[in-house]
Structure formats: structure tokens, C-alpha cells
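Here are a few friendly notes to read alongside the model.

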Amino acid sequence: MTPLVLACVVFAAILHAGWNAVLRGGSDRLWSMTLMMAAVAGASAVAMVFLPWPNAASWPYIIASALIHTGYNLSLVRTYRSGDLEQTYPISRGSSPVLVALGAAAFAHETLSLIPIVGIALVSGGILSLALQGRRVRADFLPAALVTGVLIGAYTVVDGIGVRLSGNSLSYAASMFLLWSLTMPPLYVAMRGMPPAYTRVQTAMALGGGLVSILAYGIVIWAMQYDAMGMVSALRETSVVYAALFGRFFLGEELSPRRIASCLAVALGAACLAW
């Protein structure tokens, strides 16, 4: 992995943890997600005015990714309804790097050497251990967290293949983001009806979180043009380290020495991937 791609994906991981903390801290997470998608729609629509259309071969992947992302949104909101960020987030994210590596091998014929495989295993193992230390995992949010992980793996592989066919990573990302974001407002109306009374600060935070989310995943889509999907996915999931810190300092969640040790395992895995 080149230093530029490495630095960009690490930056994306920090951004990703940030918008997840915004979503977790909202009083109505489905409405927060809908506001985030409104910001995504606006930014994507403006970008599409100035970008060329993606190659026709990539459009089935754009549509598939948008649909999978919609399911991911709903599953993520369900996951965050119970359990703190430090437990739900690792379960959702920890299962995906291995799934991405397997999916990339099956559908994109990617192969990895021993050190990246060790790195992916360390990242996934460290992430999952964050959720399993000293506390019983609650059954009410475990299925949604695991489904979220599967959906993350699915859309990552779809986007990794699609962006390589698109001819332009920005065009691919903007098109997918636009289709994805337009699904959320109708879903909210169908599920909840009238939106809640959010303050200006809450609304601004959700809209800002949406802009951060497209930058974070847009970087990942760009990076998958140049490096193996499993490696990029695992490095992105180091965001759990930053999520644990965000949960501790902004949401008042506990960060124990054992969790710090798990974060160090994730960091070691990331070092393997970078090396």
C-alpha cells in the first residue's frame, strides 16, 4: 500500500468514526440518518453537474450498492437503538474485513500474501474483542449488528468492483451516493410520518455528519482502485479505535485497559497492512 493511499484511508477511518458518533448521539437516529442523507443528496447532485457519467458497465454495481446501502442504513439505526457505541460498533465493523477479503477473492479474483492476511485477522480479532470484554452481549441488538457487518462486506465488494469499471472514481461515488440518499426520506415518512422537533444544533450536526460520511467513504472507493479490497476495508475499520475514543470523551462511555489492549491489536494489524 502506497503512503498516499495509506494516509487517505486512515483519514477516512477517523471521519467514519466521527459520523457514526453523531448518529449514535442523536435522539431520533432514523431522523438523524434521514438528515444525513439529505446532505449527501445535495452534495452528490451538485458534484454530478461537473462530473462525467460513469461507464455503462459500472451502473449495475451503482444500483446494487445504493440498495445495499439503504438496507445498511436501516440496520445501523436498529443496531444503535440499544447498546453503547463501544459494543455495537465493533460487532458491526469487525466482521466485515474478513467478508470483504473472501468476497474479493471469489468475485474479483484478488489474492493476498501472508502478512496482509495476518493484518486482516488482527484487525478483525481486535475489533470483535472490543465488544466481548467483560460484558455479556445483549441478544436484542446482536442480530442487527451482525446483519450490518454482512451488508458492509457486501457493499464494499460491490463498490470495489464497480469503481474499477467506472472510469472515474468521483463519478461512481457521486452517482451511488445520490441514488442511495434519495431512498431515505420516503422510508422515514412510511415508517414514522412526521419528523421530530430537532434543534438547530441537532439538525446542523446531522447534516454535517452526512457530508463527513460521503467524504469518508468516497476516499475508500477511490482507494479500492489501487489496492486490494480486503486490505482497504481492514484499514478503514481501524475507525473503531477512534470510535472508542469518541465514545469515551463525547458520549461518556467507558474505555477500560482491556479495550485499550484490543485497540493496540487493531493498530498492529494496521501496521501489517501498511508494511
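1. Helix H10 covers residues 200-223, 24 residues in total, and reaches 35 Å from its first C-alpha to its last, close to the 34 Å expected at 1.5 Å a residue. That expected span is 1.5 Å times one less than the number of residues. Helices here are DSSP runs (H or I, at least four residues; strands are E, at least two), numbered from the N terminus. Buried residues in H10 include Ala206, Gly209, Gly210, Tyr217 and Ala223; buried means under 20% relative accessible area, exposed over 50%, and partly exposed in between (1.4 Å probe, protein chains only).

2. A word on the basis: this is a predicted model, where local features need pLDDT of at least 70 and side-chain atom pairs count only at pLDDT 80 or more, while totals for chains, interfaces and linings use all residues. Residues are numbered from 1 along each chain as its sequence is written, and side-chain values use heavy atoms, leaving out hydrogens and water.

3. Two salt bridges are counted, each taken as a side-chain nitrogen of Lys or Arg within 4 Å of a carboxyl oxygen of Asp or Glu. One joins arginine 164 to glutamate 110 at 2.7 Å, N to O. This pair links distant parts of the chain, 54 residues apart: arginine 164 sits in helix H7, and glutamate 110 in the loop between H5 and H6. Arginine 164 is partly exposed at 36% relative accessibility, whereas glutamate 110 is buried at 16%.

4. The other pairs arginine 236 with glutamate 237 at 3.1 Å, N to O, and both residues are buried.

5. Overall, the chain has 13 helices and zero strands, and 53% of its 275 residues count as buried.
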